[in-house]
Amino acid sequence: MVQKYQSPVRVYKYPFELVMAAYEKRFPTCPQIPVFLGSEVLRESRSPDGAVHVVERSCRLRVDAPRLLRKIAGVEHVVFVQRNVLNWKERTLLIEAHNETFASRVVVHENCSYTVHPENEDWTCFEQSASLDIRSFFGFENALEKIAMKQYTANIKRGKEVIEHYLNELTSQGTSHIPRWTPALGREEDACGQAGQDPGSLEADRPSSAPCPALEMVSSDGDKLDADYIERCLGHLTPMQESCLIQLRRWLQETHKGKIPKDEHILRFLRARDFHVDKAREMLCQSLSWRKQQQVDLLLQTWRPPALLEEFYAGGWHYQDTDGRPLYILRLGQMDTKGLMKAVGEEALLRHVLSVNEEGQKRCEGNTKQFGRPISSWTCLLDLEGLNMRHLWRPGVKALLRMIEVVQDNYPETLGRLLIVRAPRVFPVLWTLISPFINENTRQKFLICSGSNYLGPGGLVDYLDKDLIPDFLGGESVCNVPEGGLVPKSLYLTEEEQERADQLRQWSETYHSASVLRGAPHEVAVEILEGESVITWDFDILRGDVVFSLYHTRQTPKPGPREQLIDRGWVLGRDYSRVEAPLVCREGESIQGSHVTRWPGVYLLQWQMHSPPGSVACSLPGVDDVLTALHSPGPKCKLLYYCEVLASEDFRGSMSSLESCTSGFSQLSAATSASSSGQSHSSSLVSR
């Protein structure tokens, strides 16, 4: 497996010329880096005008590895070849390095760049990236990888200290300014002419006329993370942790459609997966999809808890702990969880819990600015006085486990500490039920203060300022958290309302909603890797009339306006084909159907507004049509839909089974009886 490293942008608040003078002092030896044994110049050349200086060095590094590994390898040092291209005119230094020792077994590539800061020409930026690919090493591949990465990251940190050491040395010697390079009078034109006449005269002329990718990358500073910013706003990270954050952030910028999460948010997912980039990326992508589906980004603006929740939900924010973390107090023992469930439903409770987590992240950002140090998590004070068997009501525990799962999947590493006080005898029973569903990292943050001596040393005073301990716990601070209490049964939802709430919850977890405007169809892409698969669909028309169609293409659709997938330039029959006859679906109908695929590729489910008789329906609206539809207050259709891909051998919803389930409330639509040129067999069931 190839290990990659990408550094943040490190800034030296010194001019480029002075930094270059400090950099040259690292050679031929550097006592500050003990593993660097020495170097010698292999080749050196300059451009005719002196603007570009190329130096190629052979560098010897001591092998910092166990004696057994050194003995097996048969070497005490390794050789790297370093090529420096210094462009005084452009004020850039580009460094490329690779290993010569064991080059057939271990491949190491490193690229570094020194450039002028984009916002301050008297500052210098440094950035580096590297890759390590151990193909074979006498059976010690894993051990060598760990040793190499540990040694490399240690030298990364040392490298900045070395440059700063030599900068201070130059200053102490009276060298605080080095003039910028200027061409000799009348020679710049000659140099350009010579370079044009003799293309092979100097390879080093290339960087000034065609910058390398590393230099182009540095110029786009909007996508960069500054090392000082990381330390100031995100906290101390090791070089490898910085690299993981930059890699995941860059991947999101290149592939994610939509708003990119804040760096603090990305970092939480990396911490939750021990900075394993692939695992963190998978977890974060699933969460981003969930946030979009549930519209969580708008939750704090749109969610208003019912008055009953505001009165009986015994939780609220209360200043901060001694570390500056926002403090949330939950008096679970005083809260009638069963009554709340029966009065507002599980879905409303979940939305409220999500709003608390969203507010927690917002408060962390505020405290980071207020206290001038990174604060990425909050503290919860859990008061369990009054906890009894009523709280172990089975549906309530089940709902609690669901909330724990949702929070762990989408708000990892937001809980910094959980302080539990006044736990009664029944608490171990509750803990036994829920602890298996809490991950190990979170369980380690649970601190239980047993007995009544929670105000003494080792209790709350170790985590809260004495004057902020809530009054209901014997402190001096007035706490405005609701006291909870029993919810009157007269406020409970009726069985019909409860059933409707449960159905809406199930729908929200399974179905997607969509609006279809005139000239702006809604389209969903389904990728089929094997020919024999079954696409199933189920949708309800909530408003208006739509036309449902199914297409096939071997091209990869690119979303256009309003996420349209069928490109305007595509030609039906050439770029894509229709595999299901159009089905007109009326308002109020429920449609179920399936399609047995014959070819791999992308299948596109499309819903477009039904045109009245006499009008010509266009399946490929132009950009102007779409923008007009989006900004006009004209009619629109609404639908709830669900689609799934099943293996053909596992499919149990064939046309015969669908036909056999028709009843007085359902009928098979005649519009679906004709297949598309015999290319597939499918069925749709319409329920009115």
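**Buried rings and nonpolar cores**

User: Trp-607: buried or exposed?

Analyst: Trp-607 counts as buried, with 1% relative accessibility. Buried means under 20% relative accessible area, exposed means over 50%, and partly exposed is in between, using a 1.4 Å probe and protein chains only. This is a predicted model, where local features need pLDDT of at least 70, side-chain atom pairs count only at pLDDT 80 or more, and totals for chains, interfaces and linings use all residues. Residues are numbered from 1 along each chain as its sequence is written, and side-chain values use heavy atoms, leaving out hydrogens and water.

User: Thanks! Which residues touch the most other members in the largest nonpolar core?

Analyst: Those are Tyr-313, Leu-330, Leu-340 and Leu-349, in a core of 48 residues. A nonpolar core is a set of buried Ala, Val, Leu, Ile, Met, Phe, Trp, Tyr and Cys residues joined through side-chain atoms within 4.5 Å.

User: And what does Tyr-313 touch?

Analyst: Leaving aside residues up to four places away in sequence, Tyr-313 touches Leu-308, Tyr-328, Leu-330, Met-335, Leu-340, Leu-349, His-352, Val-353 and Pro-482. Contact here means heavy atoms within 4.5 Å.

User: What else is there, apart from that core?

Analyst: Another core, of 27 residues, lies apart from the largest one, and its members include Tyr-12, Ile-33, Leu-93 and Leu-170.

User: Switching to rings: how many aromatic pairs are there?

Analyst: The count is 19. Rings of Phe, Tyr and Trp (its six-membered ring) pair if their centres lie within 6.5 Å; planes under 30 degrees apart count as stacked, over 60 as edge-to-face and the rest as tilted. Trp-290 and Tyr-411 form an edge-to-face pair, 6.4 Å centre to centre with 85° between the planes.

User: Where do Trp-290 and Tyr-411 lie?

Analyst: Trp-290 is in helix α10 (residues 277-294) and Tyr-411 is in the loop between α15 and β12, so their pair ties together parts that are 121 residues apart in sequence. Helices (H or I, at least four residues) and strands (E, at least two) are DSSP runs, numbered from the N terminus. Tyr-411 counts as buried at 3% relative accessibility.

User: Back to Trp-607, how do its ring and that of Tyr-641 sit?

Analyst: Their centres are 5.1 Å apart and their planes are at 35°, so the pair is tilted. Trp-607 lies in strand β20 (residues 601-609) and Tyr-641 in strand β21 (residues 636-647), so the pair ties together parts 34 residues apart in sequence.

User: Which residue lies over the face of Phe-472?

Analyst: Arg-331 does, at 3.9 Å from the ring centre. A charge sits over a ring if NZ of Lys or CZ of Arg is within 6 Å of the ring centre and within 35 degrees of the ring normal.
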